[in-house]
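Subject: Structure for you to look at

Hello,

Here is the structure I said I would pass on. Please open it first, then read the notes below it.

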Amino acid sequence: MLKYITILASAIILIILPKFSLFAQTWEELNPPPFYNHHSNGLGYEGKAYVIQGASENGGGNAYWEYDPQTDQWTRLGNVPGPSRELAIGDEWNGKYYFGFGNGPNSTKYTDLWEFDPTDLSFTELPSCPCIGRSHPALIAHNDKVFMGSGSGPNGDLEDWWEYDMLTQDWTK
């Protein structure tokens, strides 16, 4: 008898439990971005989102946008300085966004690195990596350093790893 009660209790739990978890996971559709590009980059800062537009069928993107969830509105803020690019990468550290690399026209591979400061919406070009230019690298910003490596170079995949020190502004392989 205990075996049947255990089976019945288990069946009830399996039927009821998913219903509670489904109610806890809801999505709300928001105003879509006014651009439809892939490989965009972004960060959140003080309740807003900032997005550097990715690649489109017409080539690289270089527009940057602000999204305000309070008004559910997108605002184009301008263009990122430097060349238009696609397949770039970035990461946030200490309230700033570090962004760069990627492809340009005619499959040019970039080695540049930029700092975006959302407090004043400014971009600062940092020293370029002395490495081979690349698209799709891995990039991590942490503890006043940017770590970057691998990705696709002009002749295939790369297997290197670099460190940029934000304080000394030096790159080390």
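This is a predicted model: local features need pLDDT of at least 70, side-chain atom pairs count only at pLDDT 80 or more; totals for chains, interfaces and linings use all residues.

What does Arg-85 pair with? Its partner in a salt bridge is Asp-112, and the closest N and O atoms are 2.6 Å apart.

As background, side chains of opposite charge can pair when their charged atoms come close. A search of the whole structure finds five salt bridges. Two others among them are described here.

Glu-115 forms a salt bridge with Lys-96, where the closest N and O atoms are 3.8 Å apart. Because Glu-115 lies in strand β7 and Lys-96 in strand β6, this pair ties together parts that are 19 residues apart in sequence. Glu-115 is buried, at 15% relative accessible area, whereas Lys-96 counts as partly exposed at 26%.

Asp-165 and Lys-145 also meet through their side chains in a salt bridge, at 3.0 Å from N to O. Asp-165 belongs to strand β13 and Lys-145 to strand β10, so parts that are 20 residues apart in sequence are tied together. Which of the two is buried? Asp-165 is, at 14% relative accessibility; Lys-145 is partly exposed, with a relative accessible area of 22%.

Regards

Definitions and conventions:
Residues are numbered from 1 along each chain as its sequence is written. Side-chain values use heavy atoms; hydrogens and water are left out. A salt bridge is a side-chain nitrogen of Lys or Arg within 4 Å of a carboxyl oxygen of Asp or Glu. Helices (H or I, at least four residues) and strands (E, at least two) are DSSP runs, numbered from the N terminus. Buried means under 20% relative accessible area, exposed over 50%, partly exposed in between (1.4 Å probe, protein chains only).
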